[in-house]
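Reader: I would like to learn how to read strands and helices in a model of this kind. Could we take them one feature at a time?

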Amino acid sequence: MFVRETAQNSWDARLPGVETAYRLELTTVAPTHRPTWERLLTPPAGAQEHLGVGRAVRTPNLRLLSVVDRGTKGLGGPTRADQLAVGRRDWISFVLNVGEKRDTEMGGGTYGYGKAVLYRLSRVGTILVYTRTPEDHSGRLSSRLIGIALGSSFDSSARVDTDSRPFTGRHWWGDVREDHVEPVVGSEADDVARALGLTPFGPDESGTTLVVIDPDLEEFETPDEAAQHLAETIAWHLWPIMLPERGAERLVPSVVASGRSFPVPDPARLYPLRMFVNAYRRLPTDSATTLESGNPRKRLGRFALEKAVVVPMAPDAASEAASYAGVEGDPHHVCLMRSPELVVRYYEGPTTSSVHSVYAGVFRADDELDSVYARSEPPTHDNWVHEQLTGHERTFVKVTFTRLREQLAVFRAPVQQAVSTTSRATLGAASNYLGGLVAAAFAGVAGDGTARATASRGAGSGTTTTASPGNADGQGSSTRSASNASGRARVTVLSEPHIEESDGGIVLVARYGVAAEGPVRLDARLSVVTWEGREDDPPAGAARPRVLHWLVGRTRIAGDVCTVEGPAEVDLLVVPVPDTATEMDIVATPVMDLSDAGAA
């Protein structure tokens, strides 16, 4: 939620025609800066027991979590809430007021309650706001700095200059006037920021730095772990505005912890997020669908879908950030978004009848209804709730989910599935990370004496996935025989298919055992598995999987056919097609049968 809300603020404040830099920094206050923190942020005596920031600034190794955006307009406008603001109200809305409606056309925010996450994340409920923005009258860049605490109300009788009085729980540090607190401004603000160790602005830079004091990171063992989680969370929630096709109108995120950079994953390469990216890129094409409301008739938005055949992701391989986003394991979800193109929610659809068939969709609301969907969002901006609307607006949001369910109904698994006439026993699944690629495979032996293995390969995220051996019937390893009147050959899968590096490339390797009284011919028949089934004849010019070689002992045998003297152990090495599932059929035939038939 912290990432969603702060990124939304930065994105709504973006300047046209330039990239928006969004950086999260995990730092520790340096010993040389600690005296300044203690001197400037220690509360008055009467409030110290109610404001934990006084204790925090006196402790060594004080942690900070900063949100730094550049290429944004900063927080401008009047610095007093009782002043009439004709133009900008950014400062009033963020620093002084709570619950104010958005003033950004097609913006992500609606009421500003989400900024409370900044105070909630601070264990002492205190943040610093350091911003540089053009002055309204001259356009000259000017800095502002203020401290804010949000806590519980209390009564204080310890003040020397007044009697007991109530305090609301909202407090400010800055240029204290008789009846209010102004921000420190201009060069003085920059000097104080440098004394606190905050990230400085460049000569022509505008933007904002929000500093969460003493962030609650107890769920992470180390700052590095927290930084890695933040980087993955950015990818899952902000990917639509990160894509390179946006040109200069995009968000460029980064995460830094203790001076070390933690790269944000490329959403176009991270599985399963890349499937949502592919669906998003189809929205303007003919492969997307326009969803509409019937009564009243209204265009709701565009819907696109990406389907894939995969080896199921193991539970322990699922990203924690993906789980927080609502996508656990392989996808069967639709990403909801509106005009700002920030992720609102990953809407869960029905699972398919096969664990190997997955899908990811994107629905983008029509711009004409952007304000309607915005009003349907709760303060956390992570859902569309039609119950909080009335009239036609309520209908539009409610019908949106009806239309999505209709689009996804085709994937719903039937109550009773048909029994296949071909016996296929799945023996297991495995996945290994190697050379920037994730590959997984499962193998089986069909009832016709054909040893079978299916594998998938694609660009990965660096996550290793595993699955336990077994088939749909819950059985383990099985064997079948190929036999006729003249001879008998039995082929078994000895080891689960896996990824290896061979001759500088990535290959799928499966090991088979051949039991026979004489020589046996092994035929490898490779095909790509698609959503609709096997693709034995690929499109013209398309790549197809190929046999690298067979390995019998130390002997390499090239070609799709290999003849071995039973009994033997044989490795089959296959070069797969990236981003596909490869089915490997091995047909075993005793050589004596071929001689009787007159075959060479």
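Reader: How many bridges join S28 to strand S29?

Author: In this predicted model, strand S29 (residues 555-557) runs antiparallel to S28 and is joined to S28 by three bridges, with Leu 551 standing opposite Arg 556 in S29. The two strands form a hairpin with two residues between them, and Gly 553 in that turn has a positive phi of about 65 degrees.

Reader: Which strand pairs with S28 over six bridges?

Author: That partner is strand S31 (residues 568-575), which pairs with S28 (residues 546-552) in the antiparallel sense; within this pairing, the bridge partner of Val 547 is Val 574 in S31.

Reader: How are two packed helices described?

Author: One gives the angle between their axes and the distance between the axes. Here the axes of helix H2 (residues 34-41) and helix H6 (residues 186-196) come within 8 Å and cross at roughly 125 degrees, which makes H2 oblique to H6. Thr 36, Trp 37 and Leu 40 in H2 meet Val 192, Ala 195 and Leu 196 in H6, and by class this contact has five nonpolar residues, one polar and no charged ones.

Reader: Which residues of H11 are buried?

Author: As a general idea, an α-helix has 3.6 residues a turn, so residues three or four places apart point the same way. In H11 (residues 391-408), which reaches 27 Å from its first C-alpha to its last, close to the 26 Å expected, the buried residues are Phe 396, Val 397, Val 399, Thr 400, Phe 401, Leu 404 and Leu 408. Those buried residues pack against several elements, including strand S14 (289-294), strand S18 (357-365) and helix H10 (370-376).

Key. Residues are numbered from 1 along each chain as its sequence is written. This is a predicted model: local features need pLDDT of at least 70, side-chain atom pairs count only at pLDDT 80 or more; totals for chains, interfaces and linings use all residues. Side-chain values use heavy atoms; hydrogens and water are left out. Axes are lines fitted to C-alpha atoms, for helices over the stretch in contact, and angles run from 0 to 180 degrees between N-to-C directions. Helices (H or I, at least four residues) and strands (E, at least two) are DSSP runs, numbered from the N terminus. Angles under 35 degrees count as roughly parallel, over 145 as roughly antiparallel, 65 to 115 as roughly perpendicular and the rest as oblique. Contact means heavy atoms within 4.5 Å. Ala, Val, Leu, Ile, Met, Phe, Trp, Tyr, Cys and Pro count as nonpolar, Asp, Glu, Lys and Arg as charged, and the others, Gly among them, as polar. The expected span of a helix is 1.5 Å times one less than its number of residues. Buried means under 20% relative accessible area, exposed over 50%, partly exposed in between (1.4 Å probe, protein chains only). Two strands pair if DSSP finds at least two bridges between them.
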